[in-house]
Amino acid sequence: MNVKRLLLHLGVASIAMSFLISCNKTDDTPEPVKVTYNKDIKAIFATNCTPCHLAGGANPNKWDDYATAKSKITNILDRTQRTPGTTGFMPRNGTAQLPAATIALLKQWQADGLLEN
């Protein structure tokens, strides 16, 4: 009887150990918050691209429209990073580039997958 009881306890302990070993430790590190158009990017365009690139503006590319801004982000990044005064530099009539943090946010939006919400 003692051998059977010992084998039973060993079996139960073995199963318990396999469950404990197979359990993944949860990582408590929060997932980084992704940059989104509505939360982070639309305000940049409203502040820096008015009046030309917003509804009612002369330019047909409207950055207050998510789909348009998303489809043109490569061009937006190119033009906002050009040297002030060179052809195609944006914002037009600007004497300085957008702040580095603003350009970094636009790049992060692109890296995060150009999310809308």
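View A. Arg82 comes out partly exposed, at 27% relative accessible area (buried is under 20%, exposed is over 50%, and partly exposed lies in between, with a 1.4 Å probe and protein chains only). This is a predicted model, in which local features need pLDDT of at least 70, side-chain atom pairs count only at pLDDT 80 or more, and totals for chains, interfaces and linings use all residues. Residues are numbered from 1 along each chain as its sequence is written, and side-chain values use heavy atoms, leaving out hydrogens and water. The side chain of Arg82 meets that of Asp78 in a salt bridge at 2.6 Å, N to O (a Lys or Arg side-chain nitrogen within 4 Å of an Asp or Glu carboxyl oxygen). Asp78 is partly exposed too, at 36%.

**View B. Lys39 and Asp40 pair up.** Here the salt bridge spans 2.8 Å, N to O. Lys39 is partly exposed, with a relative accessible area of 49%. By this rule, the count of salt bridges is two.

**View C. The largest nonpolar core.** It has 17 residues, and those with the most contacts inside it are Tyr37, Ile41, Phe45, Ile73, Leu106 and Trp109. A core here is a set of buried Ala, Val, Leu, Ile, Met, Phe, Trp, Tyr and Cys residues joined through side-chain atoms within 4.5 Å.

**View D. Around Trp109.** Setting aside residues up to four places away in sequence, its contacts include Val35, Tyr37, Ile41, Tyr66, Lys70, Ile73 and Leu115 (contact means heavy atoms within 4.5 Å).
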